[in-house]
Amino acid sequence: MNTKELVKAKNCLDYIKNLLPPEKRSKTYYHYLGKYYDKIGNYSVTKENYIKALGDQMGNFSADMGYLKLIHNTSNSKNNSEVIEHLENMLKRYENHKDRSFNIFLNLAFIYLFKNKDLKLADDNFLKALKINPCNPQLKNFHTAFDPKKKYNVFQVIHEKILIENENGYGDTLKELKRHCTEYENPKKMINALDLLDTEFVKAFAKTMSLKE
C-alpha cells in the first residue's frame, strides 16, 4: 500500500469515525483501522484495534490472523511461545470450522519446522491438517500467515524436510505422512488400484450370488 492509498484509507476510516459513535462501529471498522496502523508502524494502536475487532467471542478469523502476524513481528518471546499460544487459542475458537483449523495446524507446523526446528511437533501438526482434508488445494500452494508472498507445496516440504531427514526411523506419524505424500505423488496409481478393487469385488459378489442360485 503506497502513501496515496494510505491517505485514502485513513480518510475513509475518519469518515466512519465522525459518522458513527463508538458503540455503533463494526468489528470490520476496527479490523481495518488496525491494518492501517500496522502499515504505518504504530503497533500499540494496531493491537488495541485488533482486539476490538476480535470482540468478546474472538470470531473474526481475518482479524485473528492479523493479530497473529502482529505478535509474530513484535514479540521477543523465546521459541515463538506467544505466537504458538495464540494459534493454540485459535484452535479452540475455531474447533468447529474445519477449514480454519486446517490453516491453523499448517501455520503451527511451519513454525515448528522452520523456526523452532522441532520436527516432532511439526510432524504432528502436518498430520492433523492432512487428516482434516488431504485434498485441500492449499496443500499445493500454501501461504503462511507470516510470509504471505512465499508459497509452499506442503507435500514437497514434508518429503524434503521431514521424510528424507528421517528415512531410517519412521514412527507411526512419519509413516502416515509418507502415505499421504505417496498418494499425492501417485494419484493415478491410487485410482487404478481402487478401480481394480471395485472390479474384483463385483466379480466376487457375482460369483457368490451365482453359487447361491
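Visitor: How many aromatic pairs does a search of the whole structure find?
Guide: This is a predicted model, in which local features need pLDDT of at least 70 and side-chain atom pairs count only at pLDDT 80 or more, while totals for chains, interfaces and linings use all residues. Residues are numbered from 1 along each chain as its sequence is written, and side-chain values use heavy atoms, with hydrogens and water left out. Rings of Phe, Tyr and Trp (its six-membered ring) pair if their centres lie within 6.5 Å; planes under 30 degrees apart count as stacked, over 60 as edge-to-face and the rest as tilted. Searching the whole structure this way, the count of aromatic pairs is nine.

Visitor: Are the rings of Y29 and Y30 stacked or edge-to-face?
Guide: Their centres are 5.0 Å apart. The planes meet at 75°, so this pair is edge-to-face.

Visitor: Are Y29 and Y30 buried or exposed?
Guide: Buried means under 20% relative accessible area, exposed over 50%, and partly exposed in between (1.4 Å probe, protein chains only). Both Y29 and Y30 are buried.

Visitor: And are the rings of F114 and Y152 stacked or edge-to-face?
Guide: The centres of F114 and Y152 lie 5.9 Å apart. With their planes at 25°, the pair is therefore stacked.

Visitor: How many residues apart are F114 and Y152?
Guide: Helices (H or I, at least four residues) and strands (E, at least two) are DSSP runs, numbered from the N terminus. F114 sits in helix α6, and Y152 in the loop between α7 (119–132) and α8 (154–163). This pair links distant parts of the chain, and the separation is 38 residues.

Visitor: Which of the two, F114 or Y152, counts as buried?
Guide: F114 has 29% relative accessibility, so it counts as partly exposed. At 14% relative accessibility, the residue that counts as buried is Y152.

Visitor: Where do R179 and E176 lie?
Guide: R179 and E176 are three residues apart, about one turn of the helix. Both belong to residues 172–185, which is helix α9.
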